[in-house]
There are 2 protein chains.
Amino acid sequence: MRELTRAEEQVMQVLWKIKKGFVKEILEHFDEPKPAYNTVSTIVRILQDKGFVTHKAYGRTHEYYPVVSKNEYSKTHLSTFVNDYFSNSFEKMVSFFAKEKSISVKEMEEIMKIMESEVKKQKMKR
Amino acid sequence: MRELTRAEEQVMQVLWKIKKGFVKEILEHFDEPKPAYNTVSTIVRILQDKGFVTHKAYGRTHEYYPVVSKNEYSKTHLSTFVNDYFSNSFEKMVSFFAKEKSISVKEMEEIMKIMESEVKKQKMKR
DNA sequence: AATATACAACGAATAAATTAGTTATGCAAC
DNA sequence: GTTGCATAACTAATTTATTCGTTGTATATT
């Protein structure tokens, strides 16, 4: 999967949020100072070329949709990160943040709960 | 903390790996096709301006050191990511990957172990 | 039908990042 | 001291990304 540039990512974030939208609508979700209409229009067309977005035409106007979901993108994005910074070990990454106390006890307990049920689920399968 | 561009990040990865080095040494750690000496030299000086690197001068040659550690940088980097893609919830992020089965049972068990001991440690403090 | 409006498409202008050539300086070898 | 080499500093060239004005066309409005 190709990477998103900063400007492209901003547009994708809006599209992921609103699910679908015309350029005008995407623009509305930008904070001030909003970019020009044409700026967003260009970026959205680049995103289409890159395969992140598609559109449905209503006459002459286009309604844009994400093709790559936020989950899909975040998956590859984080994989790269874990690979580059934690020699591809998710465990190392989580441990690091657990030890760094960037995770609260409450969060850790939640995570453990979910993992327990996942582990159970996995083991059931055998 | 400023962000690293792709080229800058590559140089930092080398510096983090080798701890310190002259431009020549950094260059050696690049895969083929290696960039030109001057390219690395320029990037390292940009990194210095940005505050990621410092140097010790031996006469006319400079030995460069990371000032920002890989851990520090990965911390802010991941925070941004978790913020943008998981509405700032580390838990949501980890759960997502646990459910997506990108984490093996063994890894999950390891993570749980570490979290348990961290939770214990935290609770002791009160 | 003429005019106004809205929009996509195009492309030009600018900015940022990357790459590497050129230059100047110090040091070593002779 | 002169020559050659290594290196930092500077700068130019190139590439990539960003921004937005301009244009043309379709549709709506009168």
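Biologist: Where in chain B is Val23(B) placed, and what makes Val23(B) count as buried or exposed?

Modeller: Val23(B) belongs to helix α2 of chain B, which covers residues 23-28; this is a predicted model, and I speak of it as such throughout. The relative accessible area of Val23(B) is 6%, and the label of buried applies under 20%, so Val23(B) is called buried.

Biologist: Which residues is Val23(B) in contact with, leaving aside its neighbours within four places in sequence?

Modeller: With those neighbours set aside, Val23(B) is in contact with Tyr37(B), Val40(B), Ser41(B), His62(B) and Tyr64(B). As for Gln10(B), it is 13 residues from Val23(B) in sequence, and their C-alpha atoms are 13 Å apart in space.

Biologist: How far is the backbone oxygen of Asp84(B) from a polar atom of the side chain of Gln13(A)?

Modeller: That backbone oxygen of Asp84(B) and the polar side-chain atom of Gln13(A) are 3.4 Å apart, and a polar contact requires N or O atoms within 3.5 Å, so the distance falls within the limit.

Biologist: What makes Ser74(B) count as buried or exposed, and which residues does Ser74(B) touch?

Modeller: Ser74(B), in helix α4 of chain B, has 1% relative accessibility, and because buried means under 20%, Ser74(B) is counted as buried. Not counting residues up to four places away in sequence, Ser74(B) touches Phe81(A), Tyr85(A), Phe86(A), Phe96(A) and Phe97(A).

Biologist: How many residues does the contact between the two chains take from each, and what area is buried there?

Modeller: Chain A and chain B each give 44 residues to the contact. Tyr85(B), Phe90(B) and Met115(B) supply 15% of the area that chain B buries against chain A, more than any other three residues. The area buried between the two chains is about 4,300 Å², with 70% of it coming from carbon and sulfur atoms.

Biologist: Why is the pair of Glu109(B) and Lys123(A) called a salt bridge?

Modeller: The closest N and O atoms of Glu109(B) and Lys123(A) are 3.0 Å apart, and the rule asks for a side-chain nitrogen of Lys or Arg within 4 Å of a carboxyl oxygen of Asp or Glu, so the pair is called a salt bridge. Across the interface of chain B and chain A the rule finds six salt bridges, and the count of residue pairs in polar contact between these chains is 16, both residues being at pLDDT 80 or more.

Biologist: Which element gives the most to the side of chain B that touches chain A?

Modeller: That element is α6(B), with 14 residues. The residues on this side of chain B divide into 20 nonpolar, seven polar and 17 charged.

Biologist: Which residues have the most contacts inside the largest nonpolar core?

Modeller: The largest nonpolar core has 75 residues, and those with the most contacts inside it are Leu78(A), Phe90(A), Met93(A), Ile26(B), Leu78(B), Phe90(B) and Met93(B). Not counting residues up to four places away in sequence, Met93(A) touches Leu78(A), Phe81(A), Val82(A) and Phe86(A), as well as Leu78(B), Phe90(B) and Met93(B).

Biologist: What makes Lys19(A) count as buried or exposed, and what is the phi of Lys19(A)?

Modeller: Lys19(A) has 58% relative accessibility, and since exposed means over 50%, Lys19(A) counts as exposed. Lys19(A) lies in the loop between α1 and α2 of chain A and has a positive phi of about 75° although it is not a glycine.

Biologist: How do you know that Lys19(B) is exposed?

Modeller: The relative accessibility of Lys19(B) is 59%, which is over 50%, and Lys19(B) therefore counts as exposed. Lys19(B) is found in the loop between α1 and α2 of chain B.

Methods: Residues are numbered from 1 along each chain as its sequence is written. Chains are lettered from A and ligands numbered from 1 in the order in which they are written. Side-chain values use heavy atoms; hydrogens and water are left out. Contact means heavy atoms within 4.5 Å. Buried area is the accessible area (1.4 Å probe) that two parts lose on being put together, summed over both. A polar contact is a pair of N or O atoms within 3.5 Å; within protein, one must be able to donate a hydrogen and the other to accept it, and residues adjacent in sequence count only if both atoms are side-chain atoms. Helices (H or I, at least four residues) and strands (E, at least two) are DSSP runs, numbered from the N terminus. Ala, Val, Leu, Ile, Met, Phe, Trp, Tyr, Cys and Pro count as nonpolar, Asp, Glu, Lys and Arg as charged, and the others, Gly among them, as polar. A nonpolar core is a set of buried Ala, Val, Leu, Ile, Met, Phe, Trp, Tyr and Cys residues joined through side-chain atoms within 4.5 Å. Buried means under 20% relative accessible area, exposed over 50%, partly exposed in between (1.4 Å probe, protein chains only).
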